[in-house]
Structure formats: structure tokens, C-alpha cells
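Q: I'd like to learn how to read salt bridges in a model. Can you walk me through it?

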Amino acid sequence: MSFPGRIAPSLRWAAFGLAGALLYPLPALAQTADLIVMNAKIATLDAASTTAQALAVRDGKIMAVGTAAAVRPLAGAATRTVDAGGRTVIPGLIDSHMHAVRAALTYATEVNWIGADSIGEAMARLRAAAAARPGAWLIVAGGWTDQQFAEKRRPTVAELVAAAPDNPVYIQLFYSALLMTPKAMTALGISPEALPPRISLERNAAGAPTGWLAGDIVGISALFDRLPKATFEENVTGTKKFFGELNRLAVTGVGDPGGFSIAPSQYAAVFQVWRERALTVRLAYSLFAQNVGAEFDEFRIVSQMLPMGFGDDMLRFNGLGERITAGMYNNNDPNDAAKEKFFEIVRWAARQKLTVTVHWNENKSVHHLLELYERLNRETPITGLRWSIAHLNDASPETLARMKALGIGWTMQDALYFQGDQELATRGEAAHRMPPIMTALRAGVPVGAGTDAHRVASYNPFVALQWMLDGKTVSGKPTRGPDETTSREQALRLYTVGSAWFSFDEGKRGTLEPGKLADFAILDQDYFTVPVERVGRTVSLLTVVGGKAVYAAPPFDK
Ligand SMILES: [Zn+2]
């Protein structure tokens, strides 16, 4: 469907001005676009789901979007015109829950296995890293699963040693298992007889050691913190590279919930890139409690000079979370003291008008959280503060109704792309309703899409979109049923304007409409019509953030 061009409010005003006051010269009318994209299939994601052919950008914002005839007159001598060649253009993707700041710190120095489809390929990446950095620590910090490998198994220590005999090697699988080469064990002073807290020898069903170590998120994060750190310069390089990699995949925005193994001082790298005006992904970040037992003091001290929303459209402070207190994190059975401590903090946050996002995994225990929020809402309303719950893949209709009543949104990730086989094995039928995307939308709960990358998932948004559409895990097993599966457009809405809601940005970005920030991507294939099993391979050919090209591949790279 096509429609006549719509013009940004400021230009409309100028047009009225022309009719009403011919005395004044009207430079606004002479305004021409900085950038025009023609001959495109533009999914504007406006309320009418309009597909447009052309758009114009000025001063970092969408100036007009519509037919070629409506947009062409906005071209001037200095306008860059891009012929999209009939390709699909989408609003820039926004991952509402990605540990991007942390992933970026080590992107230049870590080895990653994201997308490796065999152990051979994974070992080849280790070999290449060993050749590039003789003797250096080689760290794979997550973002992979044995199910992605053709061999359907994890690598062995012998394979690691064969690939990188002269480097200490550390491999992490989610937050549940680790494999280290003898060189790495020695360097850390670890042996099977002397393991760190909350780390144990993993044993198979017969009780024999598998060679791997087992642990939980706290134990593994503490051990990870003992690995050598990248330098500040490497952090800055990694940040630029990682955000460039996200741009390659059409990502232009991220909601960042902090995380384990990243200290407040390590935000210096992303702040430096922001000061250089070199950020290419818009970042809304929240504070993850780092000081167990002193969480309230930490939040009060750090945020007293960080009012809610402080920053700009590239980098913005977005409240607290995803860990508020250690006692209410991954705890299905918090005691009264843990709940009161949490309540004290969120009550304070509500009075400060701070947004709060909370990590909660299991529906069976989420009533602990919701009861506290309902109690709080009776004394200090939280319904307009855009609080949210992350994960909660098995949210029940009752939970979603309570969230809706509290104005709480849900950031939904593709955790089951990696872990769905296991959920299917343990939960059976119930796994077909996980996560309950359509039920949440019908309940009126704001939903944002994302990945939770990169320890537990790949950061690739198109892999997540494909999984949203076909419900198949990395091993190809179908899990989620059609009842909880979105249309392609709905999935895209959740990954754009849906995610923008969580940082109060849906009026500024997430759709391509006049006056909105010019964040968009020209894709290499048509997301809307390509066979679903190929959606995950989509990449951007031209990614624009605030009207500026931040990533370009042929034919748009000249
Ligand atoms: Zn989380």
C-alpha cells in the first residue's frame, strides 16, 4: 500500500507560515534533506502498517516518508540519495535486554563461538586466536551450546589443548559449566582437589568425572573475575567493534541491565566512546547491584547524581536492575527479611521515579515479587514508571494480568532457542506455550524482544526473530506452538517500538514516521517474504543511526 508523503510537524508549520505571513523569508521551506532513500520497501510500522517507497532525513530525524513523488522534491544539491534497489527497509532493531556494555569490553580480545556449527569450526577459531596472540589467555565466555554443533556434544580438554597448546584456555557454557586446559588451571592455582567455592567436578550419570567443572552463576562469575582483564584501550576498541557488529545486524538500540563481572569503573570505556561521539548504538543502561548486602547504599550513592533519564538520545540512564538485591535474585523462596530489604529499595526507587527492571525466571515464585509491587503500588503508584520483569518464560495468564494491572512490561528473550530442548524434556506439553508471547500481547502487557546476550545467547537479532516465528531450537526441534507465535510484523514490532517502550522512547524511535529519529536498516533480503528458516541469516547492508551511516556493505559502501 502506498500513500502520499507526510511531512514533519515543523515543516507543516512552515507551510502554514507561508500562507499566513508572506512578509518573512521562510528558510524552513527551502530545507532540503541530508539523506534520501528511494526505491525501497519501507516497513514504517506506523499505526496503519504502511509500506512506503521513500524516506528523507534531515538533522538526524525522519523528515518525510511516503511515495517517491512526495519525497523526491526534498532533494537538494548536498543531499545524498541512496537507491535501495527495491530492498526492504526496517526501523533499527532494539534489543530490550542485552548485556552489551559487558560484552563489548572484551569483544576485541575474547574468542566467540557464536554461529559456529561444528566443534571443528570452534577449534579453528581457537587456533586462529592462538596464532594471533601467542601465550595469551583464550576465553570463550558463553554464547554457544553443544546443540549448535553437528557433533551434538561439548569439546573435550584434549581438543582444546590440541588447538591451543601454548595458551591457557577457559571455556564457559552458560552459567552452568566450565572447561579449562591444564595451563589455565595451573595459572589460577586450581586443581580437582582445590576447587573454588560453588565449583565442583562435573560427573556423568555413572558418577565418573566428565573433565568439565560444574557451578552456578555466583560461583562461575566469581571465578570469571579472576581471569586477566582486558586493558582500557582494549575495552574501548572492543566497544567500538561490538557495536559495529550489532550495526551489521541492523541493531541500533539496546537496553542494558548491567550484570555480573562488570564493575562500575568498567563503564569508563563506553562513556569514552560516547564522549568521542563514536557510539553507534543507542544505549539505555540500568544499575545492577554489585555490593551484596549493601545494595541500598550503592544505589543511593550512585544515583543521587544520576536523575532518571539523565543523558542524551545516544546514552541514557534508565534506572535500576536487573539485580536489585542478591536475596531476591534467582531465589524462588525468599524469606521475609529478603523481601523487606527489596521492598525498602523499590519504594525509594518509586519515590525517585526510577525505572526498575528485575530478573525473574520462574512463574511459580514470581508472586513474591508481584505481592511486593502490589503493596507498593497502593502507597506509591508505580503504574506509570515502566517497571519491567525480564525472562519469566513460563509466565501464566494470571501473572500477566497482574503485571498489566501494575503497568509492568515484560522483556522477552530467545533463551529457549538454546535451551528449548531441555525445557521440552523436563516440562513436556507446557514448553509449547513458552514464552507466552501472544497471551502477553492479548493481556495488554508491553513486550520488548531481545536476546540476553552474550553469555547465555547469541546477540543476533535475526536468529531471535526466526525463533519467534518458528519456535524451533538451535537443534531444529519445534517447541513453541502456533498459539504463542507472532506474525512477522508483530515480531518486528516487538524488536523495535516494543523495546523502545522500556526507555520511554516509543515516541522517538522504533517506527519510521516524520519527526522520529532516523534509525533504520536496508536489509540484504526481504524479512517479510524470505522462507522462515532463512530469516536468521539476514544482515544489514546499510545501517543508519540518527541519519548517519554507521555500517555499510556493498552496494552501499561507496
Ligand atoms: Zn537476567
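This is a predicted model: local features need pLDDT of at least 70, side-chain atom pairs count only at pLDDT 80 or more; totals for chains, interfaces and linings use all residues.

Q: How many salt bridges does a search of the whole structure find?

A: The search turns up 26 salt bridges.

Q: Let's take Lys-41. Which side chain does Lys-41 meet in a salt bridge?

A: That's Asp-526, at 2.5 Å from N to O. Lys-41 sits in strand E3 and Asp-526 in the loop between strands E22 and E23, so this pair ties together parts 485 residues apart in sequence.

Q: Is Asp-526 buried or exposed?

A: Asp-526 counts as buried, at 17% relative accessibility, while Lys-41 is partly exposed at 30%.

Q: And where do Glu-245 and Arg-248 lie?

A: Both are in helix H8 (residues 232-248), three residues apart, or about one turn of the helix. Glu-245 is buried, with a relative accessible area of 14%, whereas Arg-248 is partly exposed at 28%.

Q: What about Glu-295 and Lys-341?

A: Their side chains form a salt bridge too, 2.8 Å from N to O. This one links distant parts of the chain, with Glu-295 in helix H10 and Lys-341 in helix H11, 46 residues apart.

Q: Which residues are linked in a network of salt bridges?

A: Look at Asp-313, Arg-316, Asp-505, Lys-508 and Arg-509: salt bridges link them in a network.

Methods
Residues are numbered from 1 along each chain as its sequence is written. Side-chain values use heavy atoms; hydrogens and water are left out. A salt bridge is a side-chain nitrogen of Lys or Arg within 4 Å of a carboxyl oxygen of Asp or Glu. Helices (H or I, at least four residues) and strands (E, at least two) are DSSP runs, numbered from the N terminus. Buried means under 20% relative accessible area, exposed over 50%, partly exposed in between (1.4 Å probe, protein chains only).
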